[in-house]
Amino acid sequence: PRAAIMIQRLLRISLIAALPLAASNALAQETVKVVAKHADKTLKLPGEIMPFEKVDLIARANGYVTKVNVDRGSIVRKGQVLIELSAPEIAAQIAESQSRVSVAESQRAEAEARAASAQATYDRLKTASATPGAISGLELIQAEKILEAAKASVKTSGEAIKSTQAAVAAQKELETFLKITAPFDAVVTERI
């Protein structure tokens with residue numbers, strides 16, 4: 001029995017070794033010459049063409065449409081102005097903010113003049129206080145406090161200028177939204 005098992009194993013091994021030889025002989029016999037010709041069959045499949053990128057453009061500022069530069073089917077380039085809007089309110093708000101900047105600048109100039117006057121008064125009183133009995137200590141303290149208040153007024157008017165200038169910049173930024181531009185190269189497919 002043990003010899004029979006050994007013979008079966010040897011047969012299996014020899015059969016497994018012979019398989020690749022038989023397969024390679026069979027493949028070698030099945031060669032065909034390649035000939036170029038038109039395909040006889042066409043295949044129709046249902047499908048849908050979808051864009052790679054799609055976007056709906058909406059104005060970020062309220063206004064009236066003054067000019068439309070493109071129509072359905074127009075080829076547009078990135079950054080090209082598609083629609084121009086007009087918003088008189090924004091122009092009025094910019095003018096109002098710019099006038100506030102002018103007012104704040106004039107208030108700062110006035111505060112600086114008061115601070116210079118208070119500084120001069122304080123310096124004179126301090127020099128006069130060197131002479132005993134010429135100036136009371138209370139007058140010197142009052143002049144010092146007036147000077148500190150004038151300097152604080154200059155600082156706050158400077159901050160008011162920055163604030164109003166920021167408002168002007170924000171309004172001008174809003175004004176840039178009155179031009180709708182193409183976000184990428186594309187073809188206009190729909191216009192509402």
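What follows is a chat about a predicted model of one protein.

Me: Before we start, what should I know about the model and the numbering?
Reply: Residues are numbered from 1 along each chain as its sequence is written, and side-chain values use heavy atoms, with hydrogens and water left out. The model is predicted, so that local features need pLDDT of at least 70 and side-chain atom pairs count only at pLDDT 80 or more, while totals for chains, interfaces and linings use all residues.

Me: OK, how many helices and strands are there?
Reply: The protein has three helices and five strands, where helices (H or I, at least four residues) and strands (E, at least two) are DSSP runs numbered from the N terminus. Read from the N terminus, the order is α-β-β-β-α-α-β-β.

Me: And how much of the protein is buried?
Reply: Of the 192 residues, 17% are buried; buried means under 20% relative accessible area, exposed means over 50%, and partly exposed lies in between, with a 1.4 Å probe and protein chains only. The protein exposes about 15,600 Å², and carbon and sulfur atoms supply 59% of that area, as computed by the Shrake-Rupley method with a 1.4 Å probe, where for residues only the protein chains shown count as cover.

Me: What about contacts between residues at least 6 apart in sequence?
Reply: Among those contacts, 77% join residues at least 24 apart, and a contact here means heavy atoms within 4.5 Å.

Me: Let's look at helix α2, then. How far does it reach?
Reply: Helix α2 covers residues 88–128, which is 41 residues, and spans 60 Å from its first C-alpha to its last, close to the 60 Å expected at 1.5 Å a residue. That expected span is 1.5 Å times one less than the number of residues in the helix.

Me: What do the buried residues of α2 pack against?
Reply: They pack against α3, residues 137–176. The buried residues of α2 include I90, I94, S97 and V101.

Me: Which residues make up the largest nonpolar core?
Reply: The largest nonpolar core has nine residues, namely A111, A115, A118, Y122, L125, A143, L147, A150 and V154. Helices α2 and α3 each supply at least two residues of this core, and the largest share, five residues, comes from α2. A nonpolar core is a set of buried Ala, Val, Leu, Ile, Met, Phe, Trp, Tyr and Cys residues joined through side-chain atoms within 4.5 Å.

Me: And what does V154 contact?
Reply: Leaving aside neighbours within four places in sequence, V154 is in contact with R108, A111, E112 and A115. There is also a second, separate core of seven residues, which includes L85, A87, I90 and L178.

Me: Changing topic, how many salt bridges are there?
Reply: The count comes to five salt bridges, a salt bridge being a side-chain nitrogen of Lys or Arg within 4 Å of a carboxyl oxygen of Asp or Glu. One of them joins E96 and R100, with the closest N and O atoms 2.6 Å apart, and another joins R114 and E110 at 3.0 Å, N to O.

Me: Where do E96 and R100 lie?
Reply: Both lie in helix α2, four residues apart, about one turn of the helix. An α-helix has 3.6 residues a turn, so residues three or four places apart point the same way.

Me: Are E96 and R100 buried, exposed or in between?
Reply: E96 counts as partly exposed because its relative accessibility is 40%, and R100 counts as partly exposed because its value is 47%.
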